[in-house]
Amino acid sequence: MQKSGKPILALSLIALLAVFLLNVSVGSTSIALSDIILALLRRADAATTSIVWFFRLPKAITCVLVGAGLATSGLLMQTLFRNPLAGPDVLGLSSGASLAVAVVILAGRALLLPFTAPWVIATAASVGCAAIFLLMMAVANRMQNAISLLIIGLMISAATTSVVAILQYISRADDLQAYIIWTMGSVSGTGWAEIAVLLGFFALGAALAVTQIKPLNSWILGEAYAKSLGISVTRARILIMLATSLITGAVTAFCGPISFVGLAVPHVVRMVAPTMQHQRLLPLVMIAGAALLLLCDWLAQLPGATQVLPLNAVTALLGAPVVVWVVIRSKKIAF
């Protein structure tokens, strides 16, 4: 990392820590920040320690992993397709997960499935993501450019969305409500077991992304330039897609489809730290994505109130204006 990027990275880490503590300190039960810190050190009373360690801390850590993962996936997709509006769901993975979950929830009674069990939903979402991923891998081996791959991903998303719409139309009202609630996204349903699985998939996806830093840097100037540097474009494309699929699939399985984080964060990071070098962009995007989702979750809890807003609504309210502001400020989306 270049020396000029170190102050920005340090400030980003400090901001992430501050938002993390802010997120942990907010909930239905008022707990002072000093008591939160004592509970993290297991020096508070039993009730406070239990609330922090089994409810608030898992949720905050989930926000970090999900935000960092989605932002990383967004950066990978925007670079791979050289499209500033590409996001982690561009491959149709989220749509595949949504279709599988819709089948389980909306047709669960007919199939005698325990659709209320969290792990059943997570398994269904994982299967849906895996099916679309295998399909996209088969397509990637035949396609010679990323634009065709992008179009096919969008068409798969449109097809799965249509099937979900049909299932919604013929489903029962209570099943439809359960599915709609899942589509709103949530980070509050994960425990330590789910976090361990989510961390494993995120670590593997992030490690793959790191191994592809050179291809990502060269991809900005086009596939022809990447080939001229001796990079296997097909292999790099598959590994980048695999990294995105691992992260997006795990996030969607445990937290539902969460929008705008992967789309908005890379643009914000490029504005703050204008660089095309992914060895600098990757860590900054991860930190910014984690901080943004922590902030969105804090806002969703309506500090001082007992109601909780849908997480997807908050991420869209923050993410959409950010993208519009970036476009207007720069006259075009820098890439």
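Okay, let's start with Ile 151, which is partly exposed because its relative accessible area is 47% (buried means under 20%, exposed over 50%, partly exposed in between, with a 1.4 Å probe and protein chains only). This is a predicted model, so local features need pLDDT of at least 70 and side-chain atom pairs count only at pLDDT 80 or more, while totals for chains, interfaces and linings use all residues. Residues are numbered from 1 along each chain as its sequence is written, and side-chain values use heavy atoms, with hydrogens and water left out.

Back to Ile 151: you'll find it in helix α7, residues 146–170. Helices here are DSSP runs of H or I, at least four residues, numbered from the N terminus. Together with Ile 147, Leu 154 and Met 155, Ile 151 makes a nonpolar surface patch with about 390 Å² of accessible area. For a patch like that, residues need over 30% relative accessible area and no salt bridge; nonpolar side chains (Val, Leu, Ile, Met, Phe, Trp, Tyr) are joined within 5 Å, and like charges within 9 Å. The areas are Shrake-Rupley, with a 1.4 Å probe, and for residues only the protein chains shown count as cover.

Now, how many salt bridges does a search of the whole structure find? Two, taking a salt bridge as a side-chain nitrogen of Lys or Arg within 4 Å of a carboxyl oxygen of Asp or Glu. One joins Asp 297 and Lys 59, at 2.7 Å, N to O. Asp 297 sits in helix α14 and Lys 59 in helix α3, so this pair ties together parts 238 residues apart in sequence. Are Asp 297 and Lys 59 buried or exposed? Both are buried. The other bridge is Asp 174 with Arg 172, at 3.6 Å, and Asp 174 is partly exposed at 37% relative accessibility.

Asn 23 is buried, at 0% relative accessibility. Beyond residues up to four places away in sequence, its contacts include Lys 59, Asp 297 and Trp 298; contact means heavy atoms within 4.5 Å.

A quick check on helix α14, residues 278–300: 23 residues at 1.5 Å each should span 33 Å, and its end C-alpha atoms are 31 Å apart, which agrees. The expected span is 1.5 Å times one less than the number of residues.

Last one: Thr 49 is in helix α3, residues 46–81, and is buried at 12% relative accessibility.

Definitions and conventions: Helices (H or I, at least four residues) and strands (E, at least two) are DSSP runs, numbered from the N terminus.
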